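Me: I have a structure open and a few things to check. Can we go through it piece by piece?

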Amino acid sequence: MNIVEETFALRRELVALAAKPEWDLLTRYDLLSKKRLPCFRDRAFRLMRKCLAATGLFPPHVTKYPWLPTLKHLPLATNAKALLIWALKVERTELRQICEGFLRRLEDNPLFAPVLVTDVADFAYFSRLGWLVEYLPELSGEGPSYVERKRCYLAWRYRGALIVAASAGMASETEWSALMEAGL
């Protein structure tokens, strides 16, 4: 499977995961839903929606607010689109090479804000990159898998992002342009 096919398969998988979000997780960490609404009509609507959600007839309320993957100290465009780099089960040295490849590709393009999804704990290196990093540690225990739950959450959170597989960092120029054209 080449890089383009691998990336398209990853995009299809994440779109399927984002289609069925875990509403309990989304509502638990929705900080803006705790804010009191100024209008009585809006408060009544939210209460009615909460009752319908409790019965399972309606999805629960999750506040719509923009998710900004940019870091404040980086000179990126204000309308930068998230570039989700999915790098799970990649060795540390290979991940560093892949990140260097992405740095070369993106150094002249401030329209993309890279977000790295990884299971490698190399935070000193990641902080030098200046990218947002979503860390998925492999935890053992009983109950539903933390990694699977967080994968579903990240797929939902970054559903509007341009998703690329980690191997795209080592892609040729033609493969890179094919990925960018297909994703935009």
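Me: Start with Cys 152. Buried or exposed?
Reply: This is a predicted model, so every value here is computed from it. Cys 152 has a relative accessible area of 18%, under the 20% cut-off, so Cys 152 counts as buried.

Me: And Cys 39, what does its relative accessibility make it?
Reply: Cys 39 is partly exposed, because its relative accessibility is 30%, and that class lies between 20% and 50%.

Me: How many disulfides turn up in the whole structure?
Reply: Zero, from a search of the whole structure.

Me: Switching to helix α4. What span should its 15 residues give, and how far apart are the end C-alpha atoms?
Reply: Helix α4 covers residues 92-106.

Me: Which residues of α4 are buried?
Reply: Leu 95, Ile 98, Cys 99, Gly 101, Phe 102 and Leu 106. They cover an arc of only 155 degrees around the axis, which puts them on the same side of α4.

Me: What is exposed on the other side of α4?
Reply: Thr 93 and Arg 104 are exposed there.

Me: New topic, Glu 134. Where does it lie?
Reply: Glu 134 is in strand β3, which runs over residues 132-135.

Me: Buried or exposed?
Reply: Glu 134 counts as buried, because its relative accessibility is 13%.

Me: Which side chain does the Glu 134 side chain meet in a polar contact?
Reply: That of Tyr 158, through a polar contact of 2.8 Å.

Methods: Residues numbered from 1 in each chain as written. Predicted model: local features only at pLDDT ≥ 70, side-chain atom pairs only at ≥ 80, totals over all residues. Heavy atoms only, no water. Helix = DSSP H or I, 4+ residues; strand = E, 2+ residues; numbered from the N terminus. Buried < 20%, exposed > 50% of the residue type's maximum accessible area, 1.4 Å probe, protein only. Polar contact = N/O pair within 3.5 Å; in protein donor to acceptor, adjacent residues only side chain to side chain. Expected span 1.5 Å × (residues − 1). Arc of directions from axis to C-beta. Disulfide = S-S within 2.5 Å.
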